[in-house]
Amino acid sequence: MMILAGDKVNKKVERIGMIIDYLRDNEEAFNSMEKWQVLKALDNEYFECGMHNYITLQLYDELGILPDSLNPYKAFSKFVNETFDIKNKSVIEIGGGNIPRLAKRIASMQELGTITVYDPRLYIKDKLSNMKLIKRRFSSMNNVSSADLLIGLLPCGASSIIVKSAVRHNKDFMIVLCDSHNNLELFDQYNEDLDWPFSFIENTRKIVDENNMGKLKVKYLKEIGNNYPIIYNDRG
Ligand SMILES: C[S@@+](CC[C@H](N)C(=O)[O-])C[C@H]1O[C@@H](n2cnc3c(N)ncnc32)[C@H](O)[C@@H]1O
C-alpha cells in the first residue's frame, strides 16, 4: 500500500513539474485567467478536468498526459476521419483553441490533406507542415471555396457561423456543440421552449434538408463520457 501511495505521489509531482515547466516556457500560451484554470486543476484528484475545462485538456494532451478515456481530441479526430476520410482532404477548423490539439491530431492522420485553423486565441509554436494557423476570428465572409469540410469542437458562438458558411458553399460540416451559445444571427427562429442545443439541431436539420446536403445526423461521444452532441451532414 505504501509503495502504491508513493508511486501515485511521485507521478503527481512529475505531472505538476511538466505543467509548471510548460507554463514557464510558453508564457504567451494562456492569459492569466486561463493559467489560473490550469493551476486550479492541479489540485484535482487525477484528471477530473472535465470537458468544460478545455484549457487544461489542451495542455494535458499537448504534454501527452491526457488519458484516452477523457480525450476529446483523440475521440473526435477519430470520428471525423471515420466519417469523412480526411486523409487527402482540405479541412477548416473553427475555434481551435490556444493549443490546437484537434488540428494537430488531424494533421498527423493526413497524407496529402491539409488543415487550416482559425482562432484569435491561437498560440502558434510548433505545427506540422500540413497545418495552417490563422490567429483571427472566422466569419461567414471567409472564403471556404477550396475546403472539403468545416469542423468545430465546442466552437460556442461560431457554431451557427460554421453552418451558415457550409450551407452557402455547399460544404460538409461536423460540429461538437457547446451547451450554450451566444449567436442567434442565423437562428432567429430560435424556439425559447426548446433547450439549446436542441433547437439549434432542429433548425440545422431543416436547413440541411432544404439545401439538399443530405441528412443531419447526431451522435454523442459516449466513450469519453460526455453528452455534447456532434452534428454533421451525411450525404449517404
Ligand atoms: C470552448 S473553446 C474550445 C477550444 C477547442 N476547440 C478545444 O476544444 O480545446 C471555444 C473557442 O472558440 C473560439 N471562437 C469562438 N468564436 C470564434 C470565431 N468566430 N472564429 C474563430 N474562433 C472562435 C474561442 O476563441 C475559443 O478558443
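View A. Strands (E, at least two residues) and helices (H or I, at least four residues) are DSSP runs, numbered from the N terminus. Residues are numbered from 1 along each chain as its sequence is written. Because the model is predicted, local features need pLDDT of at least 70 and side-chain atom pairs count only at pLDDT 80 or more, whereas totals for chains, interfaces and linings use all residues.

**View B. Strand 1 and its two partners.** Strand 1 pairs with strand 2 (residues 114-118) in the parallel sense over five bridges, two strands being paired if DSSP finds at least two bridges between them. Within this pairing, S90 stands opposite T114 and V91 stands opposite I115. The chain passes from strand 1 through helix 5 (residues 101-109) to strand 2 in a right-handed β-α-β crossover, meaning that, with the strands pointing away from the viewer, the path from the first strand over the helix to the second runs clockwise. Strand 1 is also joined by three bridges to strand 4 (residues 149-153), which runs parallel to it, and there the bridge partner of V91 is L149.

View C. The seven strands form an open sheet in the order 3-2-1-4-5-7-6, with mixed pairing. Its edge strands are strand 3 (131-134) and strand 6 (215-220), each of which pairs on one side only. From one strand to the next the twist averages 15°, taken between axes that are lines fitted to C-alpha atoms, with angles running from 0 to 180 degrees between N-to-C directions.

**View D. The shell around the ligand.** Of the 20 residues around the ligand, Y54, G95, G97, F138 and A158 come nearest, a residue being near a molecule if its C-beta atom, placed from the backbone, lies within 6 Å of it. Helix 3 (residues 54-62) gives the largest share of this shell, three residues. By class, the shell has 12 nonpolar, five polar and three charged residues, where Ala, Val, Leu, Ile, Met, Phe, Trp, Tyr, Cys and Pro count as nonpolar, Asp, Glu, Lys and Arg as charged, and the others, Gly among them, as polar. The ligand lies between domain 1 (2-68) and domain 2 (71-234), because both give residues to the shell around it; the domain bounds come from an automatic or database domain assignment.
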